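Please look over the sequence and the model shown below before reading on.

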Amino acid sequence: MRAAIAMVSVAAAALFGSVSARAASTDAAPAELYSYLVLTPSVGTAQTALAESAVRRAGGVVVYAYGPVGVVVAHGGPEFAAAVRGRPGVARVGATRTVPLRGRARGRAPERAGAAGLPAVGSGGAVADPAEAAQWNLAMVHAYEAQRITEGSADVVVAVADSGVDDRHPDLAPNFAAELSADCSTGRPIRADAAWRAPRSDHGTHVAGTIAAARDGHGVLGVAPGVRIAALRLGDADALFHGEASVCGFVWLAEHADQGLRIANHSYYNDPWWLLCPDDEDQAVIHEAVRRAAAYAADRGVLSIAAAGNDAYDLAHKTVDPRSPNDAATRPARPRPVNDECRQLPAELPGVITVAAVGANGLRAGYSNTGLGVLDLAGPGGDGAAGGEGVLSTSGDGGWARKQGTSMAAPAVTGVAALIASMHPTWGPAAITARLYATAGRPECVAPCVPAGDVDSFHGHGLVNALRAVRSSSGPAGRG
């Protein structure tokens, strides 16, 4: 079990659409704006109303207020944090980036938004005539056999929290839930003009296809072709995923769980900090804000699944952060010393299933992050360096492409979770997680892989197995 900051109770919090969730004010703003997260001492509309007043009195602009988790997204000048600290309703405040909102350095290139937001490893080109038979990843997790039992229910909606999803793709359109989709990239939910579509990256579209591309006689097939997909666009125009976007996304999940949003896939990390460390106030505030929002979603019955990342890094033994901050005006950033109290979000949030990648040969992909006690499951992500193929799925402009990374592995687990949720409508995150763990296959743990009872440092509980997961009719199944 990973360490967690003290929990904030959100069971009785106000709804997302309440007066605690207000849109941007029209207050005058400084010429040079930064983005901030303001934390209240406790959750609720009264607390966020006090914090909003404090933001305005300090010369800031309220972007959005999330009463259910006690977080206010604000814009202000470089002195805003100092001006708002200590005011009524304000517990902590931190900046979500190191450069102004205007004229900031460009972040990751769109083609690198893949692989959990980390550098992509050998993504392949477009495939002219894809076919289900080419999807070795589905065969590896026994999805085809599982689909003879269930293809999933349209009552289950899977959120793709990512760079956005092209709902016009012919393999995705039949299963797309536009009414549950939104753009959270600015820290406030926007639905107008299909804002959930990705402006520059097809990463989220690729992820969505692995989860639930429709069985329609052409193109590719998802692990759970009978469930529906919702898009939560978190990546901004620079393909960066900031803390305020994650807060918006998790609260959106929580407030729409009763409409079928039960599973969410997160294949990114929170920029600009690859690892968030508690000894830095900005980073600590981002961590706490996202943790509160994620806890709210889990309390409302949403299971989140995240990619572990592609740096061949041992997340259980952290010594250096090689890439933060990635929005600095002078880049690349110098490596900085870190320790195991630092966390990668959302992969290291409590209750989130963290997924590593294996190649087509069934062995750990060379790029995949590791970590005993951090990784929970493994999925097929491809490993071109080992002579395997990337994962074939939907891509931009209505096409198909092969990509590889833990971003491609996580949606395989997400698809299996959706099949379980379809068969067990009353199961919550804990029961679905238990079924996934109990039915996973156990790849060989070869040094430097470290075994520890039923888990190991490369695969966690093992390689997800769709057939085992859906075969038993009741209770978490065994490995049999």
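A residue is called buried when its relative accessible area is under 20%. The model described here is a predicted one.

## A buried aromatic pair

Tyrosine 36, with a relative accessible area of 4%, falls under that cut-off of 20% and is therefore buried. Phenylalanine 80 has a relative accessible area of 2% and is therefore buried as well.

A search of the whole structure finds five aromatic pairs. In one of them the ring centres of tyrosine 36 and phenylalanine 80 are 4.8 Å apart and the ring planes stand at 45 degrees, so the pair is tilted. Because tyrosine 36 belongs to strand β1 and phenylalanine 80 to helix α2 (residues 80–84), the pair ties together parts that are 44 residues apart in sequence. Another tilted aromatic pair is formed by tyrosine 64 and tyrosine 66, with 5.0 Å from centre to centre and 45 degrees between the planes; both tyrosine 64 and tyrosine 66 are buried.

## The four-stranded sheet

Four strands make up an open sheet with antiparallel pairing, in the order β2-β3-β1-β4. Its edge strands, each of which pairs on one side only, are β2 (61–66) and β4 (92–95). Neighbouring strands of this sheet are turned against each other by 20 degrees on average, when direction is ignored.

Strand β1 (residues 34–39), which holds tyrosine 36, pairs with β4 in the antiparallel sense over four bridges, and the bridge partner of tyrosine 36 in β4 is alanine 95. Helix α1 (residues 45–57) lies across β1, β2 and β3 (71–76), and runs at about 170 degrees to β2.

## The seven-stranded sheet

A further open sheet has seven strands with parallel pairing, and these follow the order β6-β7-β5-β8-β9-β12-β13. The strands β6 (182–183) and β13 (377–380) are its edges, since each pairs on one side only. Within this sheet, strand β8 (residues 261–266) and strand β9 (residues 303–307) run parallel and are joined by four bridges, with asparagine 265 standing opposite isoleucine 305 in β9.

Helices also lie across strands of this sheet. Helix α6 (residues 243–255) lies across β5, β6, β7, β8 and β9, running at about 160 degrees to β8, while α5 lies across β5 (157–162), β7 (228–233) and β8, running at about 155 degrees to β5.

## Where two helices meet

Which helix does α5 pass in a right-handed crossing? The partner is α8, which α5 passes in that right-handed sense. The axes of helix α5 (residues 203–212) and helix α8 (residues 406–423) come within 8 Å of each other and cross at roughly 35 degrees. On the α5 side the contact is made by His203, His206, Val207, Thr210 and Ile211, and on the α8 side by Ser407, Met408, Pro411, Ala412, Thr414 and Gly415. Taken by type, the residues of the contact of α5 with α8 divide into five nonpolar, six polar and no charged.

## A tyrosine in helix α9

Helix α9 (residues 429–439) contains tyrosine 437. Is tyrosine 437 buried or exposed? At 17% relative accessibility, tyrosine 437 lies under the 20% cut-off and so counts as buried. Between tyrosine 437 and alanine 469 there are 9.1 Å in space from C-alpha to C-alpha, although these residues are 32 residues apart in sequence.

Terms used. Residues numbered from 1 in each chain as written. Predicted model: local features only at pLDDT ≥ 70, side-chain atom pairs only at ≥ 80, totals over all residues. Heavy atoms only, no water. Axes fitted to C-alpha atoms, helices over the stretch in contact; angles between N-to-C directions. Left-handed = near helix turned anticlockwise from the far one by under 90°. Contact = heavy atoms within 4.5 Å. Nonpolar A, V, L, I, M, F, W, Y, C, P; charged D, E, K, R; others polar. Pairing = 2+ DSSP bridges. Phe/Tyr/Trp six-rings, centres within 6.5 Å; stacked < 30°, edge-to-face > 60°. Buried < 20%, exposed > 50% of the residue type's maximum accessible area, 1.4 Å probe, protein only.
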